[in-house]
Amino acid sequence: MLYKRGNIYYVKLKHRGSVIRKSTGCTNKRDATKAQDQWRSELKRQRKQSGHTFADAAIRWLQEKKHKRSIETDMIVLEWFAPRLERLYLSDITRDKIEELRLELLAGHTESTVNRYFQVLRAILRIARDDWEWITTIPKVPMYPKVKREPRFLTWDGFVSLASELPSHLSAPAWFAVSTGLRTGAIQSLRWDWISRDGVRFPPEVMKNKEWLTIPLSQTAWRVVAEIWANGGQSPQTHTHVFVTPAGKQWAGKFTTKAW
């Protein structure tokens, strides 16, 4: 059906359980009716060409991308999209539908989170068009602009002051991070048997680029490790990992807890 919003006619159709809306860009009803008929014909043509739904695309995406480090995040994203898109043909995912979903997600999340969700959707639509050739055209998937903030760096004295306020189980990894430049995930995964006189050798499975990494340790980093070793509660005899929680378990999550 056609309806007006301001001076512009829009098309509204109920298709496969979802309501699809699209602007005709026309102020004249006759022209809008022609645009509506052309759109219906195009949807019918594309359906006949591909016959693939968003659910088909999501399943293939997960199969082909199962080795991605962020595949679990993709699964969470697709779980949100599933009840909203899975029954739609790819050609039925319009710009208006995307905007409708963006606003729905934004109601309970930040713009950066919305961007992360729709980056996955955009990637799936692009691969369906460019690689799988399931569809000939895709709608634009816009992103909210990033807020550019000036980076703020701690001075050395500022870090020393901060570290002195932290409990030992957080101060130690903080000092180790500053002295090595390693990411949180690598530090949390650090095992005693990876440390030798040459430094630390990290296996590919804990590194972002999936490659071996060997780094020497500075005097500060060695001092951190030595102090943990000297503490009987966190020695190699009692724990596999160098940095553990007060309960003696491997770290999972962020170091920046409420103590910060």
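An open sheet of 3 strands is present, with the order S4-S5-S6 and antiparallel pairing. The edge strands are S4 and S6, each of which pairs on one side only. The structure is a predicted model, in which local features need pLDDT of at least 70 and side-chain atom pairs count only at pLDDT 80 or more, while totals for chains, interfaces and linings use all residues. Residues are numbered from 1 along each chain as its sequence is written, and side-chain values use heavy atoms, with hydrogens and water left out.

Helices (H or I, at least four residues) and strands (E, at least two) are DSSP runs, numbered from the N terminus; two strands are taken to pair if DSSP finds at least two bridges between them. Strand S4 covers residues 195-196 and strand S5 residues 199-202, and the two pair in the antiparallel sense over 2 bridges. Isoleucine 195 has valine 200 in S5 as its bridge partner, and serine 196 lies opposite glycine 199 in S5.

Side chains of opposite charge can pair when their charged atoms come close. With a salt bridge defined as a side-chain nitrogen of Lys or Arg within 4 Å of a carboxyl oxygen of Asp or Glu, the count comes to 8 salt bridges. Accessibility is described as buried (under 20% relative accessible area), exposed (over 50%) or partly exposed (in between), with a 1.4 Å probe and protein chains only.

Lysine 68 and aspartate 74 meet through their side chains in a salt bridge of 2.7 Å, N to O. Lysine 68 is partly exposed at 29% relative accessible area, whereas aspartate 74 is buried at 3%. Lysine 97 forms a salt bridge with glutamate 100, with the closest N and O atoms 3.4 Å apart. These two residues, lysine 97 and glutamate 100, are 3 residues apart in helix H4 (residues 95-106) and so are separated by about one helical turn. Lysine 97 is buried, at 7% relative accessible area, and glutamate 100 is partly exposed, at 34%.

A salt bridge of 3.3 Å, N to O, joins the side chains of arginine 191 and aspartate 193. Arginine 191 is partly exposed at 28% relative accessibility, and aspartate 193 is exposed at 54%. Arg95, Glu99 and Arg102 are linked in a network of salt bridges.
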